[in-house]
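Subject: Structure for you to look at

Hello,

Here is the structure I said I would pass on. My notes on what was found in it come after it.

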Amino acid sequence: MLRRRQFLAASAAGIAAAPAFVRGQNLNSRVQIAGIGCDGKGWSDIKEMDSHAATQMVAYCDVDLSRTEKVKDLTPGAPVYQDFREMLARHGDSIDAVTVSTPDHMHAFIGLDAMRQGKHVYCQKPLTHNVWEARQMALQAKQSGVITRLGNQIHSHTFYRTAVAAIQSGVIGKVKEVHSWCAATGHGKSFHISRPKTLEDVPKTLAWNQWLGVAPERPYGGWKIYHPWGWRDWQDFGNGALGDFGCHILDPVFTALKINAAPIELTADHTGLNDEVWPAQTTVKYVFPGTDWTARPALPITWYDGGRLPTLRGTDFPSNQALPKSGSLFVGEQASLVLPHVGAPFVSSGALLDEVEGLNHYHGWVDGIISGQQPSDGFDYGGPLTEAVLLGNVAVRYRGETLKWNGKAMQFTNDDSANAWLRRDYRDGWDIAAV
Ligand SMILES: NC(=O)c1ccc[n+]([C@@H]2O[C@H](COP(=O)([O-])OP(=O)(O)OC[C@H]3O[C@@H](n4cnc5c(N)ncnc54)[C@H](O)[C@@H]3O)[C@@H](O)[C@H]2O)c1
């Protein structure tokens with residue numbers, strides 16, 4: 001990590017290469033960041049960015065002013081907005097970068113707008129709410145030349161880095177198949193499976209229309225039904241357990257096996273779907289093209305949520321081996337490896353793994369802005385990872401049917417009706433333009 005003095009020296013020597021950072025008066029000063037979404041995960045994103053020696057938090061946005069007390073204490077005097085567009089219009093000249101920590105349905109609307117204005121973006125996982133948006137985010141990041149990072153901070157954790165290094169060292173041999181699972185269910189955060197009949201008044205502090213943003217109009221409901229937290233369950237706003245944990249738990253799978261292509265096909269099963277919330281339990285069987293790290297030309301990866309665990313049959317672990325509540329099982333040609341989410345990886349052969357030091361994921365983004373070097377999981381990586389995760393929720397709508405996917409063309413090739421689920425219609429005034 002560059003400390004402030006080194007950074008100033010680097011800037012003075014003209015090393016600060018990222019285009020937006022060279023943009024204006026911020027050269028030779030700290031990276032000036034605005035936080036969008038100030039409580040929940042946003043608060044930890046903001047605190048972490050603020051703790052970097054070469055940053056300054058300069059503005060904030062949250063649609064609910066009752067959730068801005070912490071940031072007001074952190075940065076007294078910094079302007080606080082309810083609409084990020086107004087914040088960028090008024091303070092754009094002094095904002096180099098933004099964190100986007102809103103519910104998923106608004107990531108693309110906000111992230112694309114910020115990148116189009118030359119801002120570096122740290123965006124929470126999943127990168128977007130649907131597959132088409134994830135593709136647009138990756139394209140826009142490239143076009144704008146900004147430094148981006150997906151907010152899957154465990155990517156930088158010692159446990160995940162240790163597992164990636166172990167697999168790439170060949171300790172289990174080439175990988176035949178992967179199973180990834182998570183304890184969370186697809187609904188159960190909002191305690192509803194259909195829209196509430198009794199509606200509470202919108203709190204005075206909350207700009208409900210801004211919260212809805214791109215999503216179809218609906219009444220506020222009540223505390224935690226949608227806002228805050230409960231939105232995850234609802235198809236209009238979140239992506240259930242797969243959307244919530246897929247980018248975390250599949251991240252070391254993608255990184256270790258260097259998966260850089262889209263799945264070829266996928267098949268989902270689940271416990272039942274209505275028009276509103278995601279299923280309580282989902283299983284998605286993906287097939288990816290093989291890589292240098294896989295045993296065969298095709299790699300099966302199976303996702304389970306809602307508490308279902310993979311069977312250990314066909315692995316090198318004894319059948320009574322305890323598995324963590326969430327994690328991944330890599331079945332290799334020579335041994336198998338379990339990586340708990342979040343815990344120390346272990347191998348069926350009992351081999352001891354060399355521990356790889358963890359890094360500060362948040363600071364890695366700031367350092368990238370300063371150096372002009374894209375961190376390991378920018379939107380060029382987070383986009384395809386998110387696409388794969390969210391394709392799983394398209395497959396959920398076609399229970400039991402194997403959907404064939406052409407990633408380059410961004411199209412299902414054997415059932416055209418599924419293509420309609422790759423994107424959504426936006427609410428009037430909230431359109432998202434293609435890149
Ligand atoms: N990386 C992780 O470990 C992790 C953990 C939790 C959540 N997340 C992600 O962080 C994001 C937020 O999740 P959360 O649990 O904090 O949700 P939340 O609903 O608890 O908090 C979201 C915050 O954003 C604000 N907000 C909502 N819409 C906004 C808008 N349009 N503009 C500005 N502010 C807005 C809300 O008022 C609230 O303060 C999601 O994408 C989620 O997937 C990541």
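Glu387 and Arg135 form a salt bridge, with 2.6 Å between the closest N and O atoms. Please keep in mind that this is a predicted model. Across the interface of domain 1 and domain 2, the rule finds 2 salt bridges. The count of residue pairs in polar contact across that interface is 8, with both residues at pLDDT 80 or more. On the side of domain 1 that touches domain 2, helix α6 (residues 131-144) gives the largest share, 4 residues. By type, the residues on this side of domain 1 are 6 nonpolar, 6 polar and 3 charged.

Domain 1 covers 4-154 + 362-376, and domain 2 covers 158-187 + 238-358 + 387-422. Their C-alpha centres are 30 Å apart. Domain 1 brings 15 residues to the contact and domain 2 brings 18.

The size of an interface is often stated as the accessible area that is lost when the parts come together. Here, domain 1 and domain 2 bury about 1500 Å² between them, and carbon and sulfur atoms hold 61% of that. Which three residues supply more than any others of the area that domain 1 buries against domain 2? They are Val131, Arg135 and Ile154, which together supply 47% of it.

Regards

Note on methods. Residues numbered from 1 in each chain as written. Predicted model: local features only at pLDDT ≥ 70, side-chain atom pairs only at ≥ 80, totals over all residues. Heavy atoms only, no water. Domains from an automatic or database assignment. Contact = heavy atoms within 4.5 Å. Buried area = accessible area lost by both parts, 1.4 Å probe. Salt bridge = Lys/Arg side-chain N within 4 Å of Asp/Glu carboxyl O. Polar contact = N/O pair within 3.5 Å; in protein donor to acceptor, adjacent residues only side chain to side chain. Helix = DSSP H or I, 4+ residues; strand = E, 2+ residues; numbered from the N terminus. Nonpolar A, V, L, I, M, F, W, Y, C, P; charged D, E, K, R; others polar.
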